Amino acid sequence: MAVAVAVLRHLAPLGPRIPPHGCAGGRLLQHRRGLRLSAAAAIQVTVRDALNQALDEELERDERVFLLGEEVAQYDGAYKISRGLWKKYGDKRVIDTPISEMGFAGIAVGAAMAGLRPVCEFMTFNFSMQAIDQVINSAAKTCYMSAGLIGVPIVFRGPNGASAGVAAQHSQCFAAWYGHCPGLKVVSPWSAEDAKGLLKAAIRDDNPVVMLENELLYGVPFEMSEQAQSKDFVIPIGKAKIEKQGTHITLVSHSRLVGHCLEAASVLAKEGVECEVINMRTIRPMDIEAVEASIMKTNHLITVEGGWPQFGVGAEICARIMEGPAFNYLDAPAVRVTGTDVPMPYAKNLEDNSVPQVKDIIFAVKKVLNV
Amino acid sequence: MRKMLLAVLSRVLQSPAAAAAAAKPASRVMVASRNYADFANEATFEIKKCDLHRLEEGPSTTTVMTREEGLKYYKTMQSIRRMELKADQLYKQKIIRGFCHLYDGQEACCVGIEAAIKPTDHVITAYRAHGFTYTRGVPIREILTELTGRKGGCAKGKGGSMHMYAKNFYGGNGIVGAQVPLGAGIALACKYFGKNEICMALYGDGAANQGQIFETFNMAALWKLPCIFVCENNRYGMGTSVERAAASTDYYRRGDFIPGLRVDGMDVLCVREATKFAAEHCRSGKGPIVMELQTYRYHGHSMSDPGISYRTREEIQEVRSKSDPITLLKDRMVNNNLASIEELKDIDVAVRKEIEEAAQFATTDPEPPLEELCHHIYFNEPPFEVRGPNQWISYKSTS
């Protein structure tokens with residue numbers, strides 16, 4: 001039920017937040033109150049607010065945590081993720097930087113080496129390419145090169161992947177790029193709970209974590225359980241979540257496209273196809289066991305991602321499935337649904353054909369299942 | 001009495017070989033004990049004035065060095081010199097592999113800096129790092145063993161020449177210029193924690209043209225970070241002379257709005273005074289400062305570079321004979337009665353012995369065990385499995 005609510009929200013990312021009591025989903029929740037005690041305390045929280053809460057709580061919890069990036073302080077964040085934090089914590093804890101990605105990413109890594117716990121925001125991960133040497137060569141590899149003497153407890157976060165109408169240089173997905181490198185952890189939240197729990201876990205982790213958010217998800221409200229509202233709610237890095245149980249086919253995805261998978265699943269359910277939808281949550285270390293366990297049940301696999309197909313997240317999942325015990329359970333080759341292999345165009349109709357749509361997922365499912 | 005005194009003095013002033021040949025063991029012992037009583041405790045030295053940028057005053061042009069300090073600087077510089085020459089030898093024997101960037105000629109820089117800062121201050125440099133690794137507290141044996149890639153190395157053999165670390169010493173960085181923003185970040189942590197610590201962020205004349213350094217200058221000045229940016233200008237970035245690489249070779253001015261000093265990097269006392277001045281500047285909250293150390297490397301850029309295609313042997317020889325940092329210090333100490341030539345020779349012998357023993361260990365210590373391959377990928381992490389070259393080979397990773 002909560003999932004259906006989330007899917008409905010997902011269709012109108014730019015629309016106003018719908019209050020819990022004013023919608024069908026909310027009423028159904030109330031109807032079920034007698035049966036699910038926890039539902040009473042669940043609230044609707046946007047991904048933006050969830051991230052804001054996570055930052056607020058971690059800044060309060062540990063003095064060594066601080067946030068730096070372009071516009072994070074006085075502007076309240078380019079996407080308002082850090083709204084109110086500068087006002088509350090001041091210049092020392094929330095730092096506006098000049099437009100110098102390589103410089104401020106390096107400064108953040110150095111600060112982490114010397115005992116602080118920085119959260120370094122890239123306005124989008126496209127700009128992280130200017131600083132990628134600091135992320136990989138300075139942050140990811142130092143613990144290994146120093147044989148464990150120097151740790152780098154840093155979080156690099158920001159929006160990743162396609163947005164809407166921002167064209168080629170602002171739309172690239174970096175999951176495969178960062179997911180490639182040992183020494184990094186890479187997380188990719190979908191829901192508000194994911195965002196909050198993973199950001200808190202990332203900040204508390206003693207290793208460099210790249211958190212790939214999605215701009216189109218920032219305004220989307222999701223149900224947040226009472227447990228998730230707690231200040232100590234963390235989601236373990238490296239564990240996938242089954243968003244919907246199913247028996248006929250496994251859909252594995254991360255970030256925004258988890259929502260697309262759930263939507264496809266609900267359309268297919270009406271035709272009698274029960275999809276199991278896995279939200280990866282973490283790209284590295286990848287929870288391939290969750291995918292394997294699911295395939296052993298459903299015998300079919302589709303990976304769904306926004307990034308380009310060549311050397312992508314889906315390619316890695318397929319390769320690992322071939323190498324592992326689940327291969328023998330596949331009744332058909334594994335299939336990938338990905339972004340179109342082209343720099344992102346601007347025109348709306350072209351852009352719509354450059355990212356996976358729900359219909360593309362449904363089409364792939366029917367092909368794999370031969371229905 | 002006076003005759004005996006004159007005889008002793010004449011023996012002291014004779015050339016070491018003649019004195020050794022002439023003196024009998026008993027009288028040599030007597031000479032030695034009389035020498036210690038005859039030495040001055042300290043002496044005052046004139047040092048070169050530093051060129052200044054956006055500074056009203058610079059470091060003092062005179063400084064006092066005690067006998068104890070002199071002996072320490074001498075021993076440290078000589079240890080670095082001999083360690084680097086040993087590394088050269090081991091590299092030519094193919095016992096050291098990959099990249100090896102040697103520091104001989106530049107010893108006064110790391111020794112002078114360390115003399116002026118505290119162990120609680122922080123240092124980060126690039127890949128020509130063996131000297132700093134030593135002055136920051138890593139024993140010679142662990143440095144050489146890291147170079148030979150054995151398990152007793154300071155990074156357990158996993159780092160190599162360019163990746164050596166110690167407490168408050170952040171390497172050893174292989175990407176030219178990347179260490180400068182890191183250094184400013186360490187300085188930001190110093191300011192954040194409020195314990196009056198500073199960071200020395202070193203880079204070369206080649207790295208000085210990196211964009212990220214200018215991004216760092218901007219932020220360090222804006223936020224008044226307690227960072228001393230030190231340009232070790234050894235006149236050549238690999239095979240490219242400074243004149244061919246930089247539109248302005250006044251590296252001490254390249255910080256623009258950041259004050260700067262140009263320092264004689266071959267004089268350990270000059271480096272020490274300049275660093276003291278710069279450290280005071282940072283600790284007083286005035287923000288960053290740039291220090292250009294004019295120095296020289298005898299070796300090529302690395303062991304793959306003979307170092308004579310872009311400079312003449314005559315130039316190298318001239319620096320060796322006129323500006324060698326160890327010779328400069330030795331002459332100062334002997335001429336000012338802070339030490340005898342014999343005493344310094346004894347130090348040379350002791351240093352050679354230490355290096356030989358360290359090299360012996362470095363060449364006989366076993367390589368790291370295969371199990372070590374995948375350890376320390378993460379920090380403070382429960383054990384996990386790492387894929388090997390194929391799906392049937394996996395390693396355990398612990399922190």
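This is a predicted model: local features need pLDDT of at least 70, side-chain atom pairs count only at pLDDT 80 or more; totals for chains, interfaces and linings use all residues.
Visitor: Are the rings of A:Tyr79 and A:Tyr218 stacked, edge-to-face or tilted?
Guide: Their centres are 5.8 Å apart and the planes meet at 50°. Planes under 30 degrees apart would count as stacked and over 60 as edge-to-face.

Visitor: How many residues apart are A:Tyr79 and A:Tyr218?
Guide: A:Tyr79 is in the loop between strand E2 (65-69) and helix H4 (85-89) of chain A. A:Tyr218 is in the loop between strand E7 (209-213) and strand E8 (221-224) of chain A. The pair therefore links distant parts of the chain, and A:Tyr79 is partly exposed at 23% relative accessible area. The separation is 139 residues.

Visitor: Is A:Tyr218 buried or exposed?
Guide: Buried requires a relative accessible area under 20%. A:Tyr218 has 0%, so the class is buried.

Visitor: What kind of aromatic pair do B:Tyr192 and B:Phe193 form?
Guide: The ring centres of B:Tyr192 and B:Phe193 are 6.1 Å apart, with 75° between the planes. An angle over 60 degrees sets the class. The pair is edge-to-face.

Visitor: Which lysine lies over the face of B:Tyr192?
Guide: B:Tyr192 is buried, at 11% relative accessible area, while its partner B:Phe193 is partly exposed at 35%. Over the ring of B:Phe193 sits the charged end of B:Lys195, 5.7 Å from the centre. Over the face of B:Tyr192, at 4.5 Å from the ring centre, lies A:Lys92.

Visitor: Where is B:His163, and which residue of chain A is in contact with B:His163?
Guide: B:His163 is in the loop between helix H7 (140-147) and helix H8 (179-193) of chain B. At 13% relative accessible area, B:His163 is buried. Beyond four places in sequence, its contacts include B:Ala155, B:Gly172 and B:Gly174, and from chain A, A:Met145.

Visitor: How many residues are in the largest nonpolar core?
Guide: A:Phe156, A:Ile317, B:Tyr203 and B:Phe229 touch the most other members. One of these, A:Phe156, also belongs to an aromatic cluster with residues including A:Phe104 and A:Trp177. Another, B:Tyr203, touches residues including B:Ile213, B:Phe217 and B:Val290. The largest core has 79 residues.

Note on methods. Residues are numbered from 1 along each chain as its sequence is written. Chains are lettered from A and ligands numbered from 1 in the order in which they are written. Side-chain values use heavy atoms; hydrogens and water are left out. Helices (H or I, at least four residues) and strands (E, at least two) are DSSP runs, numbered from the N terminus. Buried means under 20% relative accessible area, exposed over 50%, partly exposed in between (1.4 Å probe, protein chains only). Contact means heavy atoms within 4.5 Å. Rings of Phe, Tyr and Trp (its six-membered ring) pair if their centres lie within 6.5 Å; planes under 30 degrees apart count as stacked, over 60 as edge-to-face and the rest as tilted. A charge sits over a ring if NZ of Lys or CZ of Arg is within 6 Å of the ring centre and within 35 degrees of the ring normal. A nonpolar core is a set of buried Ala, Val, Leu, Ile, Met, Phe, Trp, Tyr and Cys residues joined through side-chain atoms within 4.5 Å.
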